[in-house]
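Here are my notes on the model you sent over. Have the structure open while you read, and go point by point.

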Amino acid sequence: MPTIDPNTQFVLHGRVVSDGSGVSGLSVQAFDYDFGRPVDDLGTTTTGDDGAFEITFRQSAAGSRSEGTPEPFVVIHDAEGTLLAQTRWIRLDTETTLDLDDIHVVVKSPVEDPSSAPIGGDPGVTPGTAPEPKDPSSKPGGATHHGSKSRDFVAPRSPFYRGPFGRLFRELPAWIPPGATDEEKAAVVAALAATMVEEEGDTETGDHPNIPAAYTYFGQFVDHDITFDPASSLTKQNDPDRLINFRSPAFDLDNLYGGGPDDEPFLYDRNSRDHFLIGKGRRQRTSDDGAIDLVALPKTSEDDLPRNEQGRALIGDPRNDENLIVSQLQLAFLKFHNATLDAVKERLSLTGREAFFRAQQIVRWHYQWIVLFDFLPRIVGEDMAQAVLTPRGERKDDVARAEAKPFTIDLRHYNPKESAFMPVEFSAAAYRFGHSLVRGDYDLNRVVRRVPIFRPPSQNPGPLADLRGGRPLPGLWSLDWRRFLDLDAGTPAQRARLVDTRLSRGLAAIPSGPGKENPLALLNLVRGWRLGLPSGQAVAQAMGTTVLSNEDLGLDIAEVGHEAPLWFYVLKEGELLHDGLHMGPVGGRIVGEVFVGLAAADSSSFLNQAPTWTPGTAFPDGPLIEPLGEGFQLRDVLRFVGLDGEPF
């Protein structure tokens with residue numbers, strides 16, 4: 001590597017244009033990308049009347065002499081901080097002047113079109129090994145209480161501000177689809193999304209041997225407990241630093257308990273103190289869902305979520321009524337709390353709010369146990385789960401720590417020092433692996449079978465055509481949980497699908513996004529693009545793990561470039577490296593670290609409050625629930641509340 005005099009001067013210049021004309025008043029920031037450490041700030045300027053800009057810097061600004069020639073790239077924002085373009089880095093081997101020529105951007109926000117985006121620049125290839133990320137939990141400013149947020153100006157990829165949503169790999173460049181124009185880039189994304197649908201013949205194959213179907217929707221239930229972002233958009237570039245997570249980043253079941261019986265009393269039964277209110281299903285008519293009138297519909301004997309007169313569920317998070325399966329899981333947890341409260345009153349002789357809070361703690365800790373020791377190993381693999389959260393005595397190289405605490409926690413990338421945050425690499429990519437587990441249709445019980453998860457809105461589906469939520473439970477539609485969990489050998493449970501890049505056909509046109517009918521794969525890919533997520537290969541390099549090329553992933557480099565979107569990469573590595581049985585080293589490590597990191601950062605979790613706690617020690621005289629097999633699982637909660645048999 002050549003050495004350069006620290007006083008050597010370099011010049012970057014170019015022009016920012018939109019529709020052939022120069023754009024003035026845009027912020028242009030230059031950075032130096034180096035392997036193994038954060039980017040260096042080389043300078044900032046503003047485009048002139050003709051869109052031209054020039055930034056001059058010395059070698060010393062790019063690091064020490066031994067680091068060789070700079071590898072500059074520029075990032076362009078408008079006055080509101082919207083990311084308009086990010087160029088790829090270019091190594092200045094001999095030249096000291098770099099002409100970036102015209103950089104094309106779109107300066108007007110698109111409307112109602114998920115395929116257009118205010119982002120430009122050349123497609124880049126992320127080189128080398130990324131530096132250790134700065135801690136996204138460190139937030140400067142005057143915010144002093146939980147959930148507060150600075151309203152200061154923040155650039156979309158600002159390395160200085162940390163918000164409730166943040167990045168694990170802040171210094172990695174965004175993945176940008178190839179193309180000279182935004183329309184060409186959007187076409188690349190759409191073409192990739194079109195490949196991510198099961199073929200007609202795939203519907204009878206690809207079932208997962210180890211994951212019953214209920215865990216698909218338990219994963220959704222968990223997601224709704226830890227994340228809620230109503231502000232991000234699929235039609236513009238989003239800055240995670242300015243997005244607010246309206247869910248506490250903790251496994252505290254705020255999607256179940258809401259604000260509690262004092263703040264949200266409508267969730268609770270006024271006739272049975274501190275118990276959740278349970279509703280009843282309704283006999284459905286063939287009228288449009290929007291015409292639901294609960295007063296006019298006769299009740300059934302089947303339990304349902306409590307609802308208002310228009311069928312809206314009265315629950316801590318309305319998303320847990322998105323489809324009938326997750327709504328029935330929400331109902332099961334309502335019953336779990338009620339049964340636990342009864343046990344607390346009987347076995348501990350507690351009353352009033354003391355009984356409520358003890359029951360709430362017991363429910364939360366059982367739920368956290370399921371998340372960490374039942375669900376997590378299924379989705380990331382036993383080895384990865386134990387690498388992140390190792391039980392005592394299983395790591396010989398850490399005997400002293402293991403003897404002091406029941407678990408050894410190994411967080412290499414997610415380790416907030418002040419307060420937990422939600423990484424967009426998790427929420428917008430890695431954890432969306434669960435979409436690949438969704439079946440196209442489900443048998444609900446011995447009577448109601450092969451109901452599609454969604455039918456396209458354009459087909460004008462009636463109230464009994466699919467599993468959409470937001471309406472009362474139709475008669476005879478209660479789930480036979482034996483068909484969703486391994487509860488009864490005589491009633492085989494339906495399985496989740498394998499982890500791969502082929503989503504079920506039921507997700508090819510879902511009622512969401514602009515136009516209200518879109519392939520879920522397109523929505524996910526566009527969201528990752530809008531959030532400026534790095535490529536899968538860039539994250540794999542940063543983690544120091546196996547890097548799969550686009551040839552390995554089966555992608556045509558001429559069409560999609562040399563790197564893949566993070567979400568696609570996570571799905572494909574699970575398929576290629578583990579036969580679709582669980583996530584691979586990138587996706588599995590991200591999900592595992594965030595799960596364990598959230599639990600470790602929560603002062604009220606059992607890991608902190610009672611590290612030796614287990615479901616077997618829930619009460620002084622023994623467990624709340626005797627597990628069906630070896631180890632406590634989700635199915636044991638369903639058994640405990642009496643949902644392990646014929647529902648009628």
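1. Start with what helix H13 touches: its buried residues pack against helices H1 (182-194), H9 (424-427), H10 (520-530), H11 (536-543) and H14 (585-601). Contact here means heavy atoms within 4.5 Å. Helices are DSSP runs (H or I) of at least four residues, strands are E runs of at least two, and both are numbered from the N terminus.

2. A quick word on the source: this is a predicted model, where local features need pLDDT of at least 70, side-chain atom pairs count only at pLDDT 80 or more, and totals for chains, interfaces and linings use all residues. Residues are numbered from 1 along each chain as its sequence is written, and side-chain values use heavy atoms, with hydrogens and water left out.

3. How enclosed is H13? Of its 13 residues, 10 are buried, so the rest of the structure largely encloses H13. Buried means under 20% relative accessible area, exposed over 50%, and partly exposed in between (1.4 Å probe, protein chains only). Among the buried ones are Trp-567, Phe-568 and Tyr-569, but also Lys-572 and Glu-573.

4. The length of H13 (residues 566-578) checks out: at 1.5 Å a residue it should span 18 Å, and its end C-alpha atoms are 18 Å apart. The expected span is 1.5 Å times one less than the number of residues.

5. Now look at Val-447, in the loop between strands E16 (441-442) and E17 (451-452). Val-447 counts as partly exposed because its relative accessibility is 42%.

6. Zooming out, the protein has 16 helices and 18 strands, and 58% of its 648 residues count as buried.
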